Amino acid sequence: MEATLTTSSPRFAHQSEAELARILDFYGVAWRYEPDLFPISWNADGMVVESFAPDFYLPEIGIYLELTTLKQTLVRKKNRKLRWLRQLYPEVRVKLFYARDFRALMVKYGRLDFLADVAAMNGNGPLNGR
Amino acid sequence: MIHADVEEVLLSGDEVQARVAELGAQLAADYDGRDPVLVSVLKGSIIFLADLVRAMPIPLSIDLMEVSSYGSSTESSGQVRILKDLSTPIEGREVIVVEDIIDTGLTLNYLLRYLHDKGPASIRICCLLDKPARRLAPIEIDYRGFTIADRFVIGYGLDYAERYRNLPYIGVLRPSVYSAVAPD
């Protein structure tokens, strides 16, 4: 069986994105990092004033992934952007991965050390908030 | 008696057994005369498989596979590997993949591609627990025991750090069990 893997290593904005890329590579799921930019609001002159670039696109599955592992204020902002994206581009499938989803994934894979590192870097609270 | 590390019993042993019996009866009806092979993935699925096949009074065979999981990989950039392959060819056979739980779907997505390359007549999926909240790879489930919320579940074959598989029910693991081993 052949797996289509991404060979380039982009500069990820967050450690969690790099970790998710490693997970996708591990399971042979092809991905692209921030491949598309979707305009979501325009000014009166028709100029784009706000866009949304989901973190990952999985071409074989046809879905975008957006990771949200940062502050709650940013989560609200991303939720708002995602609502606009879904209204403007209903054919685009986007899955939002919240911090709790990512934490649960790391627990499932026994990557508690990774969570501890990220929490230390971010100054976040305990591992489990649910 | 409920284990001290269990926060809540999600599905009692009786509920699990009743649903497994229903699934077995449905599979037996659908596959009567088709001599299916039930392929299960070690280790979590073995208890479900054992009960399921005993609820299927038709000719069938079973096979077991084991694949490496991401967390158990000691390499920083490894790839999933088949740790135990099928014992017999499945070319032309009617395959039922038996899974304990489908979460992200990544392992099963890999496994299905692998099995399709072996040329079976058909592949259908039977899972006891469907946890769709974090699904990354789309999986079409043909036989589903229960759909559950996004909780960390153990028991009836499901583990945390290789423990709790022998619980006769499906329970929610107390978060303190795994948060205790990770520093704040």
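User: Where does Val48(A) lie?
Analyst: In this predicted model, Val48(A) belongs to strand S3 of chain A, which covers residues 48-52.

User: Is that residue buried, partly exposed or exposed?
Analyst: Val48(A) is partly exposed, because its relative accessible area is 44%, and partly exposed residues fall between the 20% limit for buried and the 50% limit for exposed.

User: Which surface patch includes Val48(A)?
Analyst: A nonpolar patch on the surface is formed by Val48(A) together with Trp42(A), Trp84(A) and Leu88(A). Their accessible area together is about 380 Å².

User: Turning to helix H1 of chain A, what should its span be?
Analyst: Helix H1 of chain A has twelve residues, 15-26, and at 1.5 Å a residue they should span 16 Å. The end C-alpha atoms are 17 Å apart, which agrees.

User: Is H1(A) mostly covered or mostly uncovered?
Analyst: H1(A) is mostly covered, with nine of its twelve residues buried. Among them are Leu20(A), Ile23(A), Leu24(A) and Phe26(A), as well as Glu17(A) and Glu19(A).

User: What follows H1(A)?
Analyst: Gly28(A) follows H1(A), and its phi is positive, near 70°.

User: How many helices and strands does chain A have?
Analyst: Chain A has four helices and six strands. Their order from the N terminus is α-β-β-β-β-β-α-β-α-α.

User: And how much of chain A is buried?
Analyst: Of the 130 residues in chain A, 48% are buried. The chain exposes about 6,800 Å², of which carbon and sulfur atoms supply 50%.

User: What does the model score overall?
Analyst: The ipTM is 0.82 and the pTM is 0.85. Chain B averages a pLDDT of 92, and 94% of its residues score at least 70.

Definitions and conventions:
Residues numbered from 1 in each chain as written. Chains lettered and ligands numbered in written order. Predicted model: local features only at pLDDT ≥ 70, side-chain atom pairs only at ≥ 80, totals over all residues. Heavy atoms only, no water. pLDDT = per-residue confidence, 0-100. Patch = residues over 30% accessible without salt bridge, like charges linked within 9 Å, V, L, I, M, F, W, Y side chains within 5 Å. Areas by Shrake-Rupley, 256 points an atom, 1.4 Å probe, with all protein chains shown as cover. Salt bridge = Lys/Arg side-chain N within 4 Å of Asp/Glu carboxyl O. Helix = DSSP H or I, 4+ residues; strand = E, 2+ residues; numbered from the N terminus. Buried < 20%, exposed > 50% of the residue type's maximum accessible area, 1.4 Å probe, protein only. Expected span 1.5 Å × (residues − 1).
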